[in-house]
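This report is meant to be read alongside the sequence and the coordinates.

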Amino acid sequence: MLNRWLSYILTSLVQFYKKFISPLTPATCRYEPSCSSYMLKAIETHGAFKGFWLGIKRIARCNPWGGCGYDPVPGKSEDKSS
């Protein structure tokens, strides 16, 4: 329940950014998909906590000294304990 609630809040904040703030700034993301799209997909795939963490790590990599190109959200890892 908490994860779903946090996912909704984080997703709403990112969508607000994409709709109202991002159009006012130049496109500078070095990756495809953009960092905001990556954050939305990561939250959808992994939930609020891990998805937000993956998105923050991606934003930290998106700088002139970081990489560039296609960088998809990693899939959920399978349980390897069996």
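Is Asp-71 buried or exposed? The model under discussion is a predicted one, and in it Asp-71 has a relative accessible area of 17%; since the cut-off for burial is a value under 20%, Asp-71 is therefore classed as buried. As to its place in the chain, Asp-71 lies in the segment that follows strand S2, which covers residues 69–70. When neighbours within four places in sequence are left aside, the contacts of Asp-71 are Tyr-31, Glu-32, Pro-33, Tyr-38, Arg-58 and Arg-61.

**The pairing of H1 and H3**

Helix H1 spans residues 2–21 and helix H3 spans residues 48–61, and the axes of these two helices come within 8 Å while crossing at roughly 35°. On the H1 side, the residues that take part are Leu-2, Asn-3, Leu-6, Ser-7 and Leu-10, and in H3 they meet Ala-48, Phe-49 and Phe-52. By class, the residues of this contact comprise six nonpolar and two polar ones, with no charged residue among them.

Two of these residues can be followed further. Ser-7, in helix H1, is in contact with Ile-43, Gly-47 and Ala-48 once its neighbours within four places in sequence are set aside. Phe-52, in helix H3, touches Leu-10, Met-39, Ile-43 and Gly-47, not counting residues up to four places away in sequence. The C-alpha atoms of Phe-52 and Met-39 are separated by 6.6 Å, although the two residues stand 13 residues apart along the chain. Another residue of helix H1 is Trp-5, whose C-alpha atom is separated by 8.5 Å from that of Ala-48, a residue 43 positions away along the chain.

| Residue | Relative accessible area | Class |
|---|---|---|
| Ser-7 | 15% | buried |
| Phe-52 | 37% | partly exposed |
| Trp-5 | 53% | exposed |

**The largest pocket**

What volume does the largest pocket have? The computed value is about 390 Å³. Its lining is made up of 15 residues, and those nearest the centre of the pocket are Tyr-17, Ser-22, Cys-29, Cys-35 and Ser-36. The elements that contribute two or more residues to this lining are H1 and helix H2, the latter covering residues 35–46. In terms of residue class, the lining of the largest pocket consists of 10 nonpolar and five polar residues, and no charged residue is found in it.

**The chain as a whole**

The protein chain contains three helices and two strands, which, read from the N terminus, follow the order α-β-α-α-β. Its C-alpha trace spans about 45 × 30 × 15 Å along the principal axes.

How many of the 82 residues, as a percentage, count as buried? The share is 24%, and Asp-71 and Ser-7 are both classed as buried.

Terms used. Residues are numbered from 1 along each chain as its sequence is written. This is a predicted model: local features need pLDDT of at least 70, side-chain atom pairs count only at pLDDT 80 or more; totals for chains, interfaces and linings use all residues. Side-chain values use heavy atoms; hydrogens and water are left out. Helices (H or I, at least four residues) and strands (E, at least two) are DSSP runs, numbered from the N terminus. Buried means under 20% relative accessible area, exposed over 50%, partly exposed in between (1.4 Å probe, protein chains only). Contact means heavy atoms within 4.5 Å. Axes are lines fitted to C-alpha atoms, for helices over the stretch in contact, and angles run from 0 to 180 degrees between N-to-C directions. Ala, Val, Leu, Ile, Met, Phe, Trp, Tyr, Cys and Pro count as nonpolar, Asp, Glu, Lys and Arg as charged, and the others, Gly among them, as polar. On a 1 Å grid over the protein atoms alone, a cavity is a set of points where a 1.4 Å probe fits but cannot get out, and a pocket is an open set with protein on both sides within 12 Å along at least five of seven lines; lining residues have an atom within 4 Å of a point. Grid points are joined across faces, edges and corners, and a volume is the space filled by probe spheres set on the points.
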